[in-house]
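Biologist: I'd like to learn how to read strand and helix features in a model. Please take me through some.

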Amino acid sequence: MKKTLKRILCIALSALTLLMAVPALAATGSVAANTPVYTGASTAQLYGTLQQAGQVTILGEYGDFYQISDTSGITGYVLKSAVTMDTAASSSSSTPAATPAANAGYVTGVKNDAPLRAEASKSSTLVENVPANSALLILTTSGDYTQVTTAAGNTGFILSKYVAYGTPGAPAAAAASAGDVALETPQQMVSASKTIIMRKTPDKSTKSSNVVKKITGAKGQPFTIIATNGSTWYKATYGDYTGYVLAADMTAPSAAGTLAAGAYATGDKAKDKWGEIVKIDGTNIGTAFNKLYDNSIYCNGLNKKNQYYYNDYSGTKNYFYMLSPQGAPVHVLMSHNMRSSKTGGHYLHHIQNAWLGVAKCESCKGSCASAKTSIFYINYNGKTQWQLIGFYEGNESMRNYAAVNYGVTASAKQGWIDQMLAYSTSSHKGATLGSATASDDVMSFITCGDKGSKGGTYLCMLLKAVA
């Protein structure tokens with residue numbers, strides 16, 4: 001997210017050489033570290049966070065927001081409640097005028113989307129379909145077209161009649177549904193499907209009464225995930241819209257060294273392999289034991305149904321695969337339990353039992369006496385040894401917390417670690433065995449409970465790299 005923010009801000013700063021700069025007003029204030037920054041006066045338009053606390057200059061006032069710039073050159077919008085106004089400035093200057101920045105704009109006058117094209121021509125290549133009310137950075141005007149940069153970081157041309165200066169209004173809040181679990185830090189994901197239907201409720205009905213928006217040409221488009229609802233649904237924002245989308249239709253955004261967003265797995269295991277489990281003592285997991293179908297760790301690529309390719313299994317065939325992109329702040333390793341054949345993540349339950357003092361596995365009745373291990377030998381992300389620092393068995397919401405927060409950084413990452421360890425108590429068939437900080441390389445290792453889908457529980461283990 002930080003790299004994305006910097007990239008977009010660099011584009012913004014370059015554009016200012018072509019436009020009249022907005023004069024800074026006298027008002028100043030201070031903000032805390034990790035203050036969210038938005039591209040417009042709306043919480044639906046998150047670009048990132050200010051990484052350090054410090055002084056900011058107030059450029060304008062827009063409802064509940066200030067437009068600010070900081071000493072590093074970052075310009076954006078923050079909630080007024082996040083700014084502590086300087087006393088001297090408050091007494092010597094008036095409230096900033098609500099004048100939009102010279103290059104701030106948004107999409108207007110369209111029912112659904114405005115086409116963004118590579119050149120100022122209707123026949124030019126389509127770059128992106130930009131939703132109504134999406135914030136834009138206005139660069140130049142050429143005939144009937146305006147050159148803009150979108151929130152996704154794409155630069156191109158939109159018909160000028162669809163572009164307005166200023167900032168869009170905040171989107172209407174979607175009604176909460178039972179089962180919603182809000183994410184502490186909204187996550188950016190992209191569509192893996194050509195068509196996305198955003199729904200008013202987490203229900204597959206496509207009746208008009210349940211549809212917020214039908215988005216065509218959506219593959220690769222960015223969505224912001226703000227909550228989960230079971231394992232089937234995400235609550236997401238897209239432009240000015242908020243609604244429920246199928247989790248199966250979303251995938252992780254591209255990152256350095258990973259598959260492109262929404263890309264398919266090649267099916268060539270050598271090419272799709274990202275790592276390997278060497279051994280987990282007390283279990284049958286690892287190439288050192290040569291007992292499982294496959295101990296490789298595979299990519300998060302998709303199959304032709306836009307489902308995770310290596311999530312598939314049948315009989316004694318099971319794969320370990322990453323839900324997260326390579327290089328993510330948190331790695332999410334997934335495996336089916338395979339409790340009947342004991343060829344997948346089943347023996348993780350033996351480790352759980354050993355630490356809890358349970359002598360035999362409730363499912364396979366095998367002994368758990370030798371499974372009290374704390375080091376997992378896993379070759380991944382340049383690390384070879386991972387220490388088990390906590391584990392718990394929880395419901396879908398607790399599983400989702402372990403699975404979808406792979407993009408958190410800084411204090412948000414520390415908060416995620418702390419919450420994972422807070423779950424790791426006897427009340428959740430778990431235990432806390434160590435600690436970690438936001439600077440550690442951490443991994444969540446997830447498999448199903450021993451009662452399968454009928455049991456509705458999942459075993460989540462938290463690891464940190466130690467070598």
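This is a predicted model: local features need pLDDT of at least 70, side-chain atom pairs count only at pLDDT 80 or more; totals for chains, interfaces and linings use all residues.

Biologist: In which sense do S19 and S20 pair?

Modeller: Pairing takes at least two DSSP bridges between strands; strands (E, at least two residues) and helices (H or I, at least four) are DSSP runs numbered from the N terminus. S19 (residues 233-238) pairs with S20 in the antiparallel sense, over six bridges.

Biologist: How many residues of S20 are buried?

Modeller: Six of six, across residues 241-246, so S20 is mostly covered (buried is under 20% relative accessible area, exposed over 50%, partly exposed in between, with a 1.4 Å probe and protein chains only).

Biologist: Why is H5 called largely enclosed?

Modeller: Because seven of its nine residues, in the run 396-404, are buried. Among them are Arg399, Asn400 and Tyr401.

Biologist: How do H5 and H6 pack?

Modeller: Two packed helices are described by an angle and a distance between their axes. H5 and H6 (residues 410-423) pack at about 145°, axes 11 Å apart (lines fitted to C-alpha atoms over the stretch in contact, angles 0 to 180 degrees between N-to-C directions). Met398, Tyr401 and Ala402 in H5 meet H6 residues including Trp416 and Met420 (contact is heavy atoms within 4.5 Å).

Conventions
Residues are numbered from 1 along each chain as its sequence is written. Side-chain values use heavy atoms; hydrogens and water are left out.
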